[in-house]
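Let's take a walk through a protein model, one part at a time. Keep the picture open while you read.

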Amino acid sequence: MQIKINSSWKKLLSAEFEKSYFKNLIEFVDNEYQHKTIYPPKDEIFSAFEFCKFDKLKVVIIGQDPYHGQGQANGLCFSVKNGIRKPPSLLNIFKELKEDINKEIPENGDLTFWAKQGVLLINATLTVEASKPTSHQKKGWEIFTDAVIKNISNNKENVVFLLWGNYARNKEKIINEDKHFILKSAHPSPLSAFRGFFGNKHFSKTNEFLKSKSIQEIIW
């Protein structure tokens, strides 16, 4: 499998690619793509690292699993391809955006334009079998994505981490809060959005922090 990531990440992650767990993971994933329907498309697995350059990184949003429906996953957490109906969690993210900064809900749910501004939209698990959520958990992806988060924490300063839901909030322990800004809330899922995601004002708070550090704000 070709690991397609922006060159700014390669130096940081090249050692990870050589570890035995990662080689076993890629072998497993390659085999899954050969015999099953797996999302996202193979050449989009690492899209989060392709569109968001490490040296431009400002914000990290952590999801759990790619969407497992046909045509949905595009390698960026919570994002879907242009023309695909917005899933409920993404729609709730847009509702909070409108409430927080009065941004109209966009026509499509492709968040690539966030990624290109320095928002790393990373799922803890980067692949999934069609119609089988969490099917690729505990295969090695979480070791890799935890290493990514640790590397960001160690090698950057003043990154905003948006931790939505219990799964993402568990990553707080591997982030240096003395160097970075952590915002936590409930998950945007319809099951939990009314328990603290709505009204969290994370988008305006993110930009207020970036501005305070003389960092270009995100155009959400």
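Predicted model: local features only at pLDDT ≥ 70, side-chain atom pairs only at ≥ 80, totals over all residues.

## Helix α2

Start with α2, which covers residues 20-35 and so counts 16 residues. From the first C-alpha to the last, α2 reaches 23 Å, close to the 22 Å expected at 1.5 Å a residue.

Which residues of α2 are buried? They are Y21, F22, L25, I26, V29, D30, E32 and Y33. An α-helix has 3.6 residues a turn, so residues three or four places apart point the same way.

## A four-stranded sheet

Now look for the open sheet of four strands. Reading across, the order is β3-β2-β5-β6, and the pairing is parallel. β3 (119-123) and β6 (181-185) stand at the edges with a single partner strand each, so one side of each has no neighbour in the sheet. On average, and ignoring direction, neighbouring strands of this sheet are turned by 20° against each other.

Zoom in on one pair: β5 (residues 160-164) and β6 run parallel and are joined by five bridges. If you want to find one yourself, go to L163, whose bridge partner in β6 is K184.

## The largest pocket

Next comes some empty space. Rolling a probe the size of a water molecule over the atoms shows where such space is left. The largest pocket has a volume of about 500 Å³. It is lined by 31 residues, and the closest to its centre are Q64, D65, Y67, F78 and H187.

Which element gives the most to the lining of this pocket? That's α7, with four residues. Along with α7 (165-169), β2 (59-63) and α4 (88-101) each supply at least two residues of the lining.

## A closer look at S89

S89 is found in helix α4. Is S89 buried or exposed? Its relative accessible area is 13%, and buried means under 20%, so S89 counts as buried.

What is S89 in contact with, once its neighbours within four places in sequence are set aside? The list is F78, H187, P188, S189 and P190. Another residue to look at is S192: it lies 103 residues from S89 along the chain, and their C-alpha atoms are separated by 9.7 Å.

Key
Residues numbered from 1 in each chain as written. Heavy atoms only, no water. Expected span 1.5 Å × (residues − 1). Buried < 20%, exposed > 50% of the residue type's maximum accessible area, 1.4 Å probe, protein only. Pairing = 2+ DSSP bridges. Axes fitted to C-alpha atoms, helices over the stretch in contact; angles between N-to-C directions. 1 Å grid on protein atoms, 1.4 Å probe; cavity = no way out; pocket = protein on both sides within 12 Å on 5 of 7 lines; lining within 4 Å. Points joined across faces, edges and corners; volume = space filled by probe spheres on them. Contact = heavy atoms within 4.5 Å.
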